[in-house]
Amino acid sequence: MAALTPISRKPLSVVLPTVAIAGGFLGMFVGAGQDNVLLGIVIGAALMAGLAWLYINVLDNERVARWITILGLAAIGFFFAGITGLIVGLLAGWFFAFFIFWLYEGRYRQKLLPYMTAGQVLWHYTFRVICGAIFVFLITPILVVLPLSFNAQDFFTFTPEMLRLDPEGYSLKHYRDFFTNNEWQRSFKNSLIIAPIATVISVTLGTLAAIGLSQSHVPGRRAIMGILISPMIVPLIISATGMFFFYSDIGRFLEGTLGMNKNFVGYVKVVLAHAVLGIPFVIITVTATLVGFDQSLTRAAANMGAGPVRTFFKIQMPLILPGVISGGLFAFITSFDEVVVVLFVGSASQKTLPWQMFTGLREQISPTILAVATILVVISIALLTTVELLRRRSERLRGLTPA
Amino acid sequence: MTDATQSGPMLAADGTPLKKSLARSLRRRKLRALALIAPLLLFVLLSFVIPIVSMLFRSVENGIVSQTLPLTVVELQNWDAESGELPDEALYAAFAKDMVAAIDAKEHTKLGSRLNYEQTGMSSMFRQSGRKIKRLDPEADAPFKEKLIEIHDGWGDVNIWRVIKTHAVPITNGYFLNAVDMQRTPEGAQAQPEDKRILIKLFGRTLFMSLIITGSCILLAYPISYLLANLPMRVSNMLMILVLLPFWTSLLVRTSAWKVMLQQQGVINETLVWLGFVADDARLVIINNQFGTIIAMTHILLPFMILPMYSVMQTIPPTYTRAAKSMGATNWTTFWRIYFPQSIPGIGAGSILVFILAIGYYITPEIVGGTKGVFISNRIAYHISSSLNWGLAAALGTILLAVVLLLYWCYDKIVGIDNVKLG
């Protein structure tokens, strides 16, 4: 429907100034590279406005104009800044070739409602730009870390070699450091021991409790729910303080009275503490899955002679499995990412990866942190994908329309 | 039907009255549900709720003075702290006896550091005189008054005895008074000296910065959620990844990313210098201060605002705004009178969640906050791990917890904890 909006060509008095502003913006960056911002703005604005005028009045062939812009700007970019400039030039050329004709032909109205006023159209696109800026704010810090982790220098910033895309400027040495340094390896191993065990505990107990909570007629349901969710709400520093006193007493008891190994007791303490922190996430996701669970299925199973245990494993479990797994992933990431509690409850031999990163950030800043950060980002992308796939599967299983 | 009512109560298959049989099966179901919940509930109660409650108890517990100096505390009851005169010989004798016992058990330095929170210098006084008092004999060496004053001038100071008497109670409000920049004195609660009043300011700063963070989260999350809720599902799911990726990324990764961005030699400063907006020798100071904390925490907490807002905005029917427009409302009126009021529940839910999370934050302020941008949590951590003033840490924690629980209660009333959604 919206595509039927008639479009018409716009006068040059609208197109040229707009293109000039955009050109000036690009010129500013080129100018900054040559130490003369003002001149860059003027030249950029003039060049782009000139090109637009030329395309519209003289050339009048969009395909040719597009190639001229892309190749021309790429050549200029290569002349000023080598390979990096070439890439920037290609992107800028593609944008301007699109932008000039988008404005001139009035294509920007094509997908909008026909009765919108000029002000409304302007606001529509301004709003998109604002949202784009917020998305950039959200994602930039994470994207900046990735290339910096390949830095050949021990700096936390982009070196000129890196900006020139010179292979000399990049290296894997921070990754090598991560995989060979004992401190990092030990903390990584600790994280891989603690997080899965804590996850298993919170998923087992959490799923059982969520099934109990989802049944009708549970007395004090609200209060129980409040208590079970509270580890997520209470500030971590307070939980950590409370657990610090509690677990040092428990630890003394286990080591002194029962004569257990000190190292083992340390792990037990951290695992139990992390299990508590993961529970709210399991409860929330599993209860959410159980809301759509058809109770008549269990009744049908019971009707056909299955005991409660068999019903649970054959009927209920497969259906709520996606919720359980994504709850488990939340619990895993909570434990895997947790610093405060392990800092208070654990001792040096239970040092986890986040703890090592935290001390690294506070004391001596080593770029190995950025390599670790990149690895963690890759892990979180994998987890995010899994959760998303599971959510869709769960919705399909429950017969909802997949989003 | 009529037959059954006439011949008494309705019976189940096994002959018991149906009502009774139903009640029994209901009770059994309740018990089964509770049995499923019980292990987890016990686990959480034991390893989470009880530790926190017992930590809270530490904020008023003060047994150390009366346990270490039991006889002295009894004698102190008879001494009039207002008289301005030193206590009599009986008290000094009791004190010497207590101290000798305490030194044997190596308890006197602990008492010294406890009293040092109230009166600077008492820790070293206990340590120094401890070495000499050890040699006294509680029976033979009487009288003690002169001897003790000779060992350390402090024992001849009325003020010292007044401090000991003030803090001899087993349950004290002293830590709470300290937590709000007051102190317990013989004359009752009084304000701390001007230069020691930092905690009220810190509480104020924590609240103020959390409010700013919540506010900027609302400002940034609103347009995004609106866009996501109004785009076609396929596009908005793609864009949602940009929101969820930071949400799933490790907190420390994001914090270190902000450290990289905000440093003096960081990405933002380098870009600004390169563009010529900022002179090379006048780089912006945007880390290790309040600005650094606010910007990094806004970024970290933004997904917690977007997700609830988005789920509320998704349910607002677009027909309402169209109806308003068809009746002649301008864009602004449509938004302000029709759309915005319906989105308020989302704003409320997100704001409380972000505020609760912000007020107790520790890691990010610690790394990017410097000294000016830290929160009350950092002070609590300092008292737990560095100054070892656990009572004060517990009192600060109790106040913080009270604020958070109040907000949690509001959240439960407004949104309901069952409705919390993740991802």
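Two residues are said to be in contact if their C-beta atoms, placed from the backbone, lie within 7 Å. Leaving aside its neighbours within four places in sequence, A:Val340 is in contact with A:Leu236, A:Ile237 and A:Ala240, and also with B:Tyr362 and B:Ile363.

The model is predicted, and for that reason local features need pLDDT of at least 70 and side-chain atom pairs count only at pLDDT 80 or more, while totals for chains, interfaces and linings use all residues. Residues are numbered from 1 along each chain as its sequence is written, and chains are lettered from A and ligands numbered from 1 in the order in which they are written.

**The two chains**

Helices (DSSP runs of H or I, at least four residues) and strands (runs of E, at least two) are numbered from the N terminus. The radius of gyration is taken over C-alpha atoms, and the globule rule used beside it is 2.2 Å times the number of residues to the power 0.38. A residue is buried if 20 or more other C-beta atoms, placed from the backbone, lie within 10 Å of its own, exposed if 12 or fewer do, and partly exposed in between.

| Property | Chain A | Chain B |
|---|---|---|
| Helices and strands | 15 helices, zero strands | 20 helices, two strands |
| Radius of gyration | 30 Å | 32 Å |
| Span of the C-alpha trace along the principal axes | about 90 × 55 × 30 Å | about 100 × 95 × 35 Å |
| Buried residues | 40% of 403 residues | 39% of 423 residues |

For chain B the globule rule gives 22 Å, and the radius of gyration is well over this value, so chain B is more spread out than a compact globule. For chain A, a compact globule of 403 residues would have a radius of gyration near 22 Å. Among contacts with a separation of 6 or more, residues 24 or more positions apart account for 69% in chain A and for 66% in chain B.

**Where the chains meet**

At the interface, 77 residues of chain A are in contact with 76 residues of chain B. On the side of chain A that touches chain B, helix 4 (residues 118–148) gives the most, with 14 residues. By class, this side has 62 nonpolar residues (Ala, Val, Leu, Ile, Met, Phe, Trp, Tyr, Cys and Pro), two charged ones (Asp, Glu, Lys and Arg count here) and 13 polar ones (the others, Gly among them).

**The nonpolar cores**

A nonpolar core is a set of buried Ala, Val, Leu, Ile, Met, Phe, Trp, Tyr and Cys residues joined through C-beta atoms within 7 Å. In the largest one, which has 158 residues, A:Val340, A:Val341, B:Leu301 and B:Val354 touch the most other members. Helix 15 of chain B gives the most to this core, with 15 residues. Apart from it lies another core, of 27 residues, including A:Val15, A:Leu47, A:Met48 and A:Tyr55.

B:Lys106, in the loop between helix 5 (89–104) and helix 6 (108–116) of chain B, has a phi near 55 degrees, a positive value in a residue other than glycine. B:Lys106 counts as exposed because it has 9 C-beta neighbours inside 10 Å. B:Asn288, which is found in the loop between helix 14 (267–275) and helix 15 (290–313) of chain B, also is not a glycine and has a positive phi of about 60 degrees. With 19 other C-beta atoms within 10 Å, B:Asn288 is partly exposed.
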